[in-house]
Amino acid sequence: MTKNRTFTCGLDAAIAVMGGKWKGLILFALQDGPVRFGELRRAVPGISERVLILQLREMETTGLLHREVYHQVPPKVEYSLTEFGDSLNTAMAALGEWGEEHLDRIEAIPWSDVK
């Protein structure tokens, strides 16, 4: 039996769904429509195949994306945002704009000193 979580606020809930380094980048890569696995891997530089698979499974479980399997040879799988995932992508847009506005400052942070 799985236990439902309770959250202290909306931000806590949102971070639980999209937390981590990769999910935001995957959401961004899916914003224009369905994408195949190989295309996703190229669109998210630095992610390993194993981590991408794990992240996609989590995102499917949380309802952020839909996985469509086409039974053909060779097999074809496409990932697309659900309405829920698209709404999170929309909410993340403001955060992305903030990051763009402050990119120089953020890049100048001595990250090795941040604990």
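If neighbours within four places in sequence are set aside, arginine 67 is in contact with Glu60, Val77, Glu78 and Tyr79, where contact means heavy atoms within 4.5 Å. The structure that holds these residues is a predicted model, in which local features need pLDDT of at least 70 and side-chain atom pairs count only at pLDDT 80 or more, while totals for chains, interfaces and linings use all residues. Residues are numbered from 1 along each chain as its sequence is written, and side-chain values use heavy atoms, with hydrogens and water left out.

Arginine 67 has its place in strand β2, and with a relative accessible area of 35% it is partly exposed. Here buried means under 20% relative accessible area, exposed means over 50%, and partly exposed lies in between (1.4 Å probe, protein chains only). From arginine 67 to glycine 24 there are 43 residues in sequence, and in space the two lie 17 Å apart, C-alpha to C-alpha.

The protein as a whole has 6 helices and 3 strands, which are DSSP runs numbered from the N terminus (helices are H or I with at least four residues, strands are E with at least two). Read along the sequence, these elements follow the pattern α-α-β-α-α-β-β-α-α, and the C-alpha atoms fill a box of roughly 50 × 35 × 25 Å, taken along the principal axes. Of the 115 residues in the protein, 25% are buried. Among the contacts between residues at least 6 apart in sequence, 42% join residues at least 24 apart.

Helix α4, residues 49–61, has 13 residues and reaches 18 Å from its first C-alpha to its last, close to the 18 Å expected at 1.5 Å a residue; the expected span is 1.5 Å times one less than the number of residues. The buried residues of α4 are Leu52, Gln55, Leu56 and Met59. They cover an arc of only 100 degrees around the axis, which puts them on the same side of α4, the arc being that of the directions from the helix axis to the C-beta atoms. An α-helix has 3.6 residues a turn, so residues three or four places apart point the same way. On the other side of α4, Arg50, Arg57 and Thr61 are exposed.

What covers the buried residues of α4 includes the helices α2 (23–29) and α3 (37–43) and the strands β2 (65–70) and β3 (76–81). Glutamine 55, one of the buried residues of α4, counts as buried because its relative accessibility is 12%. Leaving aside neighbours within four places in sequence, glutamine 55 is in contact with Trp22, Lys23 and Ile26.

Two details of the backbone follow. After α4 comes glycine 63, whose phi is positive, near 85 degrees, and in the loop between β2 and β3 lies proline 74. The peptide bond from valine 73 to proline 74 is cis, with omega near -5 degrees. Most residues other than glycine have a negative phi, and most peptide bonds are trans.

The last stop is tryptophan 111, in the segment after α6 (103–107). Tryptophan 111 counts as exposed because its relative accessibility is 52%.
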